[in-house]
Amino acid sequence: MASFFSDFGLMWYLKELNKKEFMKFKEVLRQEIAESGLQHIPWNEVKKASREHLANLLVKHYEQKAWDVTFRIFQNINRKDLSERAAEEMAGHSKMYQAYLKNMLSHVWSRKFKIAIECFGNEDLTQDNCSRLWNLFVPKANEKPHTVLLIGMSGVGKTVFLAQLMRAWSEGLMFQNEFSYVFYLCCHEIKQLKTASLADLLSREWPRPSAPIAEIVSQPAKLLFIIDSLEGLNCDWSEPESELCDNWMQKCPVSILLSSLLRRKLLPESSLLITATPEAFEKLGDRIEYTVKNFVTGFNENSRRSCFQRVFQDEDTAQEVFTLVRENEQLYNICHVPSLCWMVATCLNDEVKRGGHLSAVCRCTTSVFAAYVLNLFIPQSAHYPSKKSQALLRGLCSVAAEGMWTDNFAFNQKDLEKNGVFHSDISTLLNMKILLKSRDSKNLYTFFHPSIQEFCAALFYLVNSHVDHPSKDVLCVETLLFTFLKKVRVQWIFLGCFIFGLLHKSEQAKLEAFFGYQLSQEVKQTLCQSLEKISADEELRKQIDDMKLFYCLFELEDDGFVTQVMTFLPQIKFVAKEYSDLIVAAYCLKNCSTLQKLSISTQDILQEEKDPSYLKKLLLRWQDLCSVLGSSQQIQVLQVKDTYLNELAFLELHNHLRNPSCAPRKFLVNNVSFLCNNQLFFELLTQNHNLHHLDLSLTSLSRSDVKLLCEVLNQKGCHIEELLLSGCQLSHDDCIIFASILISSKKLRHLNVSYNNLDKGMYLLSKALCHPDCVLKDLVLASCSLSKQCWNYLSDVLKRNKTLSHLDISSNDLQDEGLKVLCQALSLPDSALKSLFLRRCLITSSGCQYLAEVLSSNQNLISLQVSNNKLEDAGVKLLCEAIKEPNCRLENLGLEACELTGACCEDLVSALSQNETLWAINLLKNALDLRGLAMLFEALNVHGCSPNVLGLQITIPDKETQELLIAEKKKNPYLAILSRV
């Protein structure tokens, strides 16, 4: 079936034009090309073209946009009838697809979107959901094409919501004018294809052997792509733009194809509706621009209670058991996922029937999963499983472990048999409902919920060894732990926690009773040793998510083990996003007596707008967390960041910070909002005589706050030497107060007021800096909106101030003219400045002559950072000539992103060979070629030049250059090639 929008289709409609209309069509096309910025088609070709040849030209140059162009021209030449007739033809395909989709959703796809439990709720689109969907796609003025993100835990109901949307569209209830086609792309399913084109994916969804792809994509603004389960591809979506695909016919890896859609390289005018887990969304970062973000929250409290009532049938028993679950925040939380709520209720109902102890089962999340899974393999009338059941669970755990390591959540019969689960076992597992037939294929099987697969994978490590696994993809428990804690795999939500939870004595007893032998304690010892390694490896420590570790330790609930592990971690940094995070963090921190650095973020969970009873619970846990400040007497660095504190929460923090044993040397309060008497906060600063470093960056300060702060700084007992107020919404009026501090304070050595609009206040600040009583050493004025007159003020400071050694005026409109003014002061023989930062200051190669004068005459200047300026090779040549002068004592030179080429390397080599002090150069983000780099390295090796820190991109695409960098790094043990400086 030929595509309606092929060149043949266009030719057919062009033949409907008479000779005069056809010539007019060509003239209007010529105007369109000139006025609309269309890709150029030579006029001679258009003028001579037959109808068939012109159709070919349009498709060749404009591909899917060919018909949009034709449509507009038909309108322009008063042949609207042709446009309408074509639209009707196009609508015919759309209506056929709509009817097909309706049928699929009603019958064939009923299994695809079937919920495994009856208590999920209504599968029809409710009025609330209908309104919600409309709001997601409501067009806004000047807005880009829609990219809507739906975020929620696996199994929370995102896919059902999508099915409701597609069903509503297919039945003509929604989006009839907005979308001609709605395509569903499941990442778990697409992943199996390895490579594909967009045309391939759309053809898979088409009801006939050949899909009119060109027609479908000819109006991309009328397309909605639903991309389900983004985490299924486990990609970071960070491919270089050059690797992305803009051709819907081009085959490429499916990860590249999806990335091209998501990052608007392919069909950028289309709309996207994407679902992802919170972990996958977090990994996305800012790589994908979205217009709307919504969270699918699953069951509320009433829905959870109703689910328990359906399972238990007896209302009193249901309420009693639900109350028990409600008291365990972690367990209650997972019940927002409908299938897990059903699982918890079913598990506890089974325990009631078996006469078990519900409180023991509800100890933690792991204990519920353990009870549920193990009971599935023990007949109701028996106390122990059969040997066959034991072997079957072992095989299932082997399947699960391999799946976790290979990112596979759907298994065929071969996958199962390789791990000891045979064809005759499958019906047993399906009857247990621990396995389900995949909604994507009848020949594939999935676990009832991904978390069940995670539990079985964790259990594998308790009853088997990874070395005995038939797949080499399954790695050791230490690698698993580090992978989990680093959050490398977005689909590992509970895996690490389950391993720790299964090491609890009560779970060990369950497992020993089930398998009939005593389990080895080797795994626990291995985990302890692995966690000890974290403290010894600084790079590994930076990658560890402390909240993930806290949850692992909380599941184990072994105070002795937790205390031992926490001694390995003198530095803790965590973000608490919900009530349960506070519980878990407080439990772990109370077992930590060697804490030296602590960073806390609670985001908005302590806001005033909470239910009073819930807020009361939150405050109790916040109190537990704050009590750590008094008990951990070794804390030297304390940070509270990205936090909103209501008055009661602040008072709780305030009371613990007043504890004499809480006396950090550094106190950072960044991006914090608190509703309280701010005077209480500033009083705290006077009580801590150990405080030397105060950082209030990104925390908004009013005029009265600035006055209170300066009163603190003026007190005799104040020892604050470093004050950071970056992005605090300071005004030029505040400079009056700071000016007085600069003169009166004998302690303040470092002041950072970057990212505040201080232009009109610079006169007063400069006047204070010139005062003989000013002892300030470091001043940071980056991005302070400084204007032309400020450079004269600062020039006076550089001439008269003999204590100021570091000045940072990056990201200000300095330009060459302002630089000239500053350099006149810096060229004086008694200039005291040692470090000058001028990043992003609009300096050109012409300005380098002024810097060169400074370098050749000023023996005090040892660090110069001029990155992100258009210096080019000519400017660097001037700097290099100055560096060769005997008076130059420069040690550190920053030239990142200065539009340099390999041609500058000869000048750099010459300078390095004659200068004995320069030890660090940053050349990142410059187009240095292989020849230039080879010359640079040869000089470093042959002449014994001094630099031992070189900023060069070691991951550049050019393979030959990359190999050179790696080889040089190995060859010269004293040379550090850094990809970031």
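Student: Is Glu 239 buried or exposed?

Tutor: This is a predicted model, in which local features need pLDDT of at least 70, side-chain atom pairs count only at pLDDT 80 or more, and totals for chains, interfaces and linings use all residues. Residues are numbered from 1 along each chain as its sequence is written, and side-chain values use heavy atoms, with hydrogens and water left out. Buried means under 20% relative accessible area, exposed over 50%, and partly exposed in between (1.4 Å probe, protein chains only). Glu 239 has a relative accessible area of 13%, so Glu 239 is buried.

Student: With which residue does Glu 239 form a salt bridge?

Tutor: Side chains of opposite charge can pair when their charged atoms come close. A salt bridge is a side-chain nitrogen of Lys or Arg within 4 Å of a carboxyl oxygen of Asp or Glu. Glu 239 forms one with Arg 263, the closest N and O atoms being 3.2 Å apart. The two residues are 24 residues apart and link distant parts of the chain. Arg 263 is partly exposed, at 24% relative accessible area.

Student: How many salt bridges does the structure hold?

Tutor: The structure holds 32 salt bridges. One of them joins Asp 407 and Arg 489 at 3.3 Å, N to O. Both Asp 407 and Arg 489 are buried.

Student: Which residue forms a salt bridge with Lys 925?

Tutor: The partner is Glu 896, with the closest N and O atoms 3.6 Å apart. This pair links parts of the chain 29 residues apart. Lys 925 counts as exposed at 62% relative accessibility, whereas Glu 896 counts as buried at 15%.

Note on methods. Helix = DSSP H or I, 4+ residues; strand = E, 2+ residues; numbered from the N terminus.
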